[in-house]
Amino acid sequence: MNPNQALWEKGDFTRIAATMRESGEALVQRIGVTKGMEVLDVGCGDGTTALPAARLGADVLGVDIACNLVEAGNKRAAAAGLTNVKFQEGDATNLPEIPDKSFDLVVSIFGAMFAPKPFDVAKEMVRVTKPAGRIVMGNWIPNDPTFVAQILRISSAYTPPPPEGFVSPMTWGIENNVIERFSAAGVSADKISFDHDTFVFNYNGTPSAFVDEFRKYYGPTMNAFEAAEKSGRAADLQKELEVLFNAQNKSGDPNRTSIPATFLRVTVAI
Ligand SMILES: C[S@@+](CC[C@H](N)C(=O)[O-])C[C@H]1O[C@@H](n2cnc3c(N)ncnc32)[C@H](O)[C@@H]1O
C-alpha cells in the first residue's frame with residue numbers, strides 16, 4: 001500500500017478533526033466561499049472544511065487518499081442532509097479523474113502538504129483550477145513554536161529517519177519553497193500571497209487526555225510511539241507531549257483543552 005495512505009488510514013483522524021471543527025468553519029467563511037461556487041478540497045479528511053463550504057451553498061468535491069476518511073466524510077454529509085458535497089478517494093499528486101480548469105476554488109488545509117512530490121501537487125492544483133480561480137492552502141510552519149509544528153518536531157525525534165530523497169511536508173510552510181513549486185507549475189510569484197493564520201484545537205478533556213487521543217488516533221504520533229516503544233523511550237515521548245499540551249493550553253479550565261496553532265495560509269490567484 002502507498003505509505004502515505006497507510007499513515008493516514010492508521011488510527012482515526014476523525015477523533016482529532018472533531019477538535020478542529022469551529023476553526024474549519026471560520027476559515028471557510030474568511031476565504032470567501034459563496035453559493036454556487038465549485039470547490040475542490042484536496043486532502044479533505046472527513047470534511048472539516050468541505051462540510052462548512054457546502055453549508056454556505058458551494059458545490060464541493062472532497063478528495064482524500066484515506067478510504068476511511070472518505071467514508072467518514074460521506075457519512076457526515078448524509079447525516080447533515082447535504083447533497084452538494086461528495087467525497088472520493090484520490091491522490092493529490094495525480095488527479096486524472098478531475099478535468100482541467102474545473103474548480104473556482106481549490107482548498108487544501110493541512111492536506112496536500114502531506115503528499116509526496118510537492119511539485120506534482122502544485123501542478124495538479126493549478127491544472128484543475130479555472131482561469132480567475134483561486135487556490136488556498138493551509139500549511140504548518142517548520143520550527144514554529146506553536147502546537148502542531150511542535151508535535152511533529154517532537155514526534156520526528158523518536159521516529160527513524162525518513163528514506164533518502166524524502167521531502168518534509170513542513171517545507172510547504174516555507175514561502176520560498178511554495179513560490180518555487182507554484183512557479184514551476186506556471187504561476188508567477190506576484191500571484192502568490194501569504195498570511196499567518198490560526199486554528200484552535202478544542203478538546204473536551206484535560207491536555208493529558210488529549211495527548212492520549214493523539215497517541216491512539218493520529219498516524220504520525222502513533223508511528224512515533226511505536227518507534228519509541230521499540231527503543232524503550234515511549235515514557236519520554238509521552239512526557240514531552242504532555243509538557244507541550246499543558247504549556248499551550250489556553251482554556252483556563254483544567255478539564256478542558258483549547259490550543260491555538262499558527263499556520264501559513266497561501267493564496268494563489270490563477
Ligand atoms: C492532517 S489531515 C487534514 C485533513 C483535513 N483537511 C482537515 O483539515 O481536517 C491530512 C489529510 O491529508 C490526506 N492526505 C495525505 N496525503 C494525501 C495525498 N497524497 N492525496 C490526498 N490526500 C492526502 C490525509 O489522508 C489526511 O486526511
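Trainee: What should I keep in mind before I start?

Mentor: The model is predicted, so local features need pLDDT of at least 70 and side-chain atom pairs count only at pLDDT 80 or more, while totals for chains, interfaces and linings use all residues. Residues are numbered from 1 along each chain as its sequence is written, and side-chain values use heavy atoms, with hydrogens and water left out.

Trainee: How many cavities of 30 Å³ or more are there?

Mentor: Rolling a probe the size of a water molecule over the atoms shows where empty space is left. On a 1 Å grid over the protein atoms alone, a cavity is a set of points where a 1.4 Å probe fits but cannot get out, and lining residues have an atom within 4 Å of a point. Points are joined across faces, edges and corners, and a volume is the space filled by probe spheres set on them. Here the count is 2.

Trainee: What lines the largest cavity?

Mentor: There are 33 lining residues, with Gly43, Asp64, Ile109, Phe110 and Gly111 nearest the centre, around a volume of about 460 Å³. Helix 1 (3–9) and strand 1 (38–42) are among the elements supplying at least two residues each; helices (H or I, at least four residues) and strands (E, at least two) are DSSP runs, numbered from the N terminus.

Trainee: And what is the volume of the second largest cavity?

Mentor: About 40 Å³. Its lining includes Val28, Asp41 and Thr49.

Trainee: How is a pocket read, and what volume does the largest one have?

Mentor: A pocket is an open set of points with protein on both sides within 12 Å along at least five of seven lines. The largest pocket holds about 1000 Å³ of space. Of its 34 lining residues, Leu7, Thr159, Pro162, Phe166 and Pro169 are closest to the centre. Helix 7 gives the largest share of that lining, 5 residues.
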